[in-house]
Amino acid sequence: DGNRNSTAEQENYVDVDPVGGTMVLFDSARVEHQVQPSTEDRYALTLWINGVMKEPPVAKYHKLSYFYKKYSREPTYAEERLLFSTALLPRCGINQNMTTSPEDMRAEAVNEARCCLICYEEGPDENGGPVRNGVCACRGNSGYYHSACLVEAAKTKTTGEKCLDDTWLKCPMCEQFWTGSTLTAMGNECAKFVSEKHPENTYLKLEALMTKQSAIMRSSASLLEDMELVSKELFSALKEFLGGVQSASRLQLIYRATYNATYGLGYAAFQRKEPELAIELFTFSLDSLRSRGYGDDDIQVMGIQRMIAKAERLLPDADIAASNKKILQLLRASFEKMTEEDGENSFSALESGYSLAEELYFENRFIDAKELFERLHQKALLVLGSHHYLTHNIQYLMGEISHGDI
């Protein structure tokens, strides 16, 4: 398409024209490569074949040591990938059976270079911010970023009347939610940005507060005060929003914001072990959904019914067995619906299945829980990878059951 490689210093490169029937095979760990911009619609099938690691981590440390001694600097990203290729083992004179101290092993991990998925630069950004991992479902060298780059990329997409969850809370590569501190930080940055740059846009303000609330909800129950605060902020913002002309889209946003604010306060009351207040707020949220035509087979409705049943277990005169039975029924129904609608390998089905297996575990039904955890574990490794928080949670409870530490 007229976009050939024009880099003068690249002497030994080959341009491959986008002609139908062309196949290119190469070792991406050893061959530097780049896809040039296209001015026409082009379609290509790309396949990565993951090979088995042929060297232990300790060998990587000794290769780095070799490089430091020879060049007195850290390797670039391209140099590091070439250095870690097994073809360089004889050249470096490294014995793969060598052992080293835990301190050296930690140094090897710290010095492993990563590239920001937004700016494609290695090392710290201009403000000293490191390349971090948001712990999404990306594999290999994907999923690493500078926090500032991630925020700036989300800002450019925050325009008009739109839901902001996908823009601020999900990885642009794998489209899964960030986790941990990355998730809460992005929720906070979203609300801050909209408040500062779009102070008069009450539509975006409500969306930003719901995005912040969603980040808190997905992060940790320990952020109880933050959940309560943002839910109250939602109610305050709703008062401002109710004054304008109400179109269909605005009414939908009002319903969503009212539901989210009420549910958030109910969740906070539940975590504080105030079951009566939690049940009252959850019931209000449930009634608002049903008034808009949501049936008992809707995922949101089943989720609220489950929270009501959990709150009922905290009541002094609670029928624990009846509540447990209802919770399991709702969890099974949610799992089956997610599996049917989104597929058994979807993140929603895995998350729903984990909730069911976790409840079985807490009810001491260890055989059923273990069987479901084992099924979920295989799928989580395939879909999310070994580093994802959901995979870790599954592995942890599988270990608790297997070792009898219950």
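Reader: What average pLDDT does the protein have?
Author: The average is 78, and 76% of the residues score at least 70.

Reader: And where does pLDDT stay under 50?
Author: One such stretch is residues 52-59, for which the model has 17 contacts beyond four places in sequence, and another is residues 85-112, for which 44 contacts of that kind are present in the model. Where pLDDT is low, the predicted coordinates should not be read in detail.

Reader: Switching to helices, at what angle do α14 and α16 pack?
Author: Helix α14, covering residues 347-362, packs against helix α16, covering residues 389-402, at an angle of about 25°, and their axes lie 11 Å apart. Angles under 35 degrees count as roughly parallel, and α14 and α16 are therefore roughly parallel to each other.

Reader: Is that crossing left-handed or right-handed?
Author: The crossing in which α14 passes α16 is left-handed.

Reader: Which residues meet there?
Author: From α14 there are Phe347, Leu350, Glu351, Tyr354, Glu358 and Tyr361, and they meet Tyr389, Leu390, Asn393, Ile394, Leu397, Glu400 and Ile401 in α16. By class, the residues of this contact comprise nine nonpolar, one polar and three charged.

Reader: How far is Ile401 from Ala369?
Author: Their C-alpha atoms are 8.6 Å apart in space, while in sequence Ile401 and Ala369 are separated by 32 residues.

Terms used: Residues are numbered from 1 along each chain as its sequence is written. This is a predicted model: local features need pLDDT of at least 70, side-chain atom pairs count only at pLDDT 80 or more; totals for chains, interfaces and linings use all residues. Side-chain values use heavy atoms; hydrogens and water are left out. Axes are lines fitted to C-alpha atoms, for helices over the stretch in contact, and angles run from 0 to 180 degrees between N-to-C directions. Helices (H or I, at least four residues) and strands (E, at least two) are DSSP runs, numbered from the N terminus. Angles under 35 degrees count as roughly parallel, over 145 as roughly antiparallel, 65 to 115 as roughly perpendicular and the rest as oblique. A crossing is left-handed if the near helix is turned anticlockwise from the far one by less than a right angle, and right-handed if clockwise. Contact means heavy atoms within 4.5 Å. Ala, Val, Leu, Ile, Met, Phe, Trp, Tyr, Cys and Pro count as nonpolar, Asp, Glu, Lys and Arg as charged, and the others, Gly among them, as polar. pLDDT is the predictor's confidence in each residue, from 0 to 100.
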